[in-house]
Amino acid sequence: MESLRIIDTWPVTTAAAAVVRADGTVLGTHGPADHRFPLASVTKPLAAYAALVAYEEGAVELDEPAGPEGSTVRHLLAHTSGLAFDEHRVTAPAGNRRLYSNAGFEVLGDHIAKASGIPFAEYLRQAVLEPLGMTSSTLDGSPARDGVSTVADLVRFAAEVQAPRLLDPRTVLEAQSVVHPGLKGVLPGYGHQSPNDWGLGFEIRDSKSPHWTGNTSSPATFGHFGQSGTFLWIDPVAGVACVALTDRAFGPWAAEAWTPFTDAVLAELS
């Protein structure tokens, strides 16, 4: 895909990108697909998928207590537990506000580790990474931000999310559907959003503006971006997913570059 070559113009040292269909067909790749990049918050969808495996295996229930008083596994996945951004401190009642929280995903990882008897990084490896053949991916710390992976591996994950084999498709549909609709919140790097819609570990585009996906991305688009200059989006209307990983921290450069890139990818596909 010619549109993927746009990453060569980005002000980064190393970048790689790919587009994949639900059946696993890779429509294009550009850049070093096997280069390992820190994912930052693109770690969260991987951690969420492992949490959903734990749910389907019966290790946890989505509505069982987890985290602060009144909070559940579902609240932690949807950033509505009330925990602060990067502190294990309660700043709102559960379900009251959309408070994007790294701490919430750390509490989630600890909860699943306790329930399963397996350290969360190992649970993620056994439940998601190994079955999908993501041999270059690891979780080296926090389930919120310490994943390391490659474009080649994330293409496998993106194909799985589009056509699930590890999970019941109904579970994945729930994960990409709005949890606690109508809540306001801050999308890091993009400011206040009303509503600030999220599913279970995936951010949902809806009508958010500004946003890190494309102006032509469907409202059903969901995924995540990371402060390490990384993103993964899945557009069910277009029937494709796109991964882009870089070695430069998110900043104005990314906010300016990512939207026209996504629009170019979607235009080439149409």
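## Aromatic pairs

Phe 250 and Trp 258 are both buried (under 20% relative accessible area, 1.4 Å probe, protein chains only). This is a predicted model; local features need pLDDT of at least 70, side-chain atom pairs count only at pLDDT 80 or more, and totals for chains, interfaces and linings use all residues. Residues are numbered from 1 along each chain as its sequence is written, and side-chain values use heavy atoms, without hydrogens and water.

The structure holds 16 aromatic pairs. Rings of Phe, Tyr and Trp (its six-membered ring) pair if their centres lie within 6.5 Å; planes under 30 degrees apart count as stacked, over 60 as edge-to-face and the rest as tilted. Trp 212 and Phe 225 form a tilted pair, at 5.8 Å centre to centre and 55° between the planes. Trp 212 lies in the loop between E8 and E9 and Phe 225 in strand E9, so this pair ties together parts 13 residues apart in sequence. Both residues, Trp 212 and Phe 225, are buried. One aromatic cluster includes Trp 212, Phe 225, Phe 250 and Trp 258.

## Strand E9

Strands (E, at least two residues) are DSSP runs, numbered from the N terminus. Five of the five residues of E9 (residues 222-226) are buried, so the strand is largely enclosed by the rest of the structure. Phe 222, His 224 and Gly 226 point one way, Gly 223 and Phe 225 the other.

## Strand pairing

Two strands pair if DSSP finds at least two bridges between them. E8 (residues 203-204) and E9 pair antiparallel over two bridges. Five bridges join E9 to E10 (residues 230-235), also antiparallel. In the E9 and E10 hairpin, three residues lie between the strands, and Gly 229 takes a positive phi near 85°.

Key. Buried < 20%, exposed > 50% of the residue type's maximum accessible area, 1.4 Å probe, protein only. Helix = DSSP H or I, 4+ residues; strand = E, 2+ residues; numbered from the N terminus.
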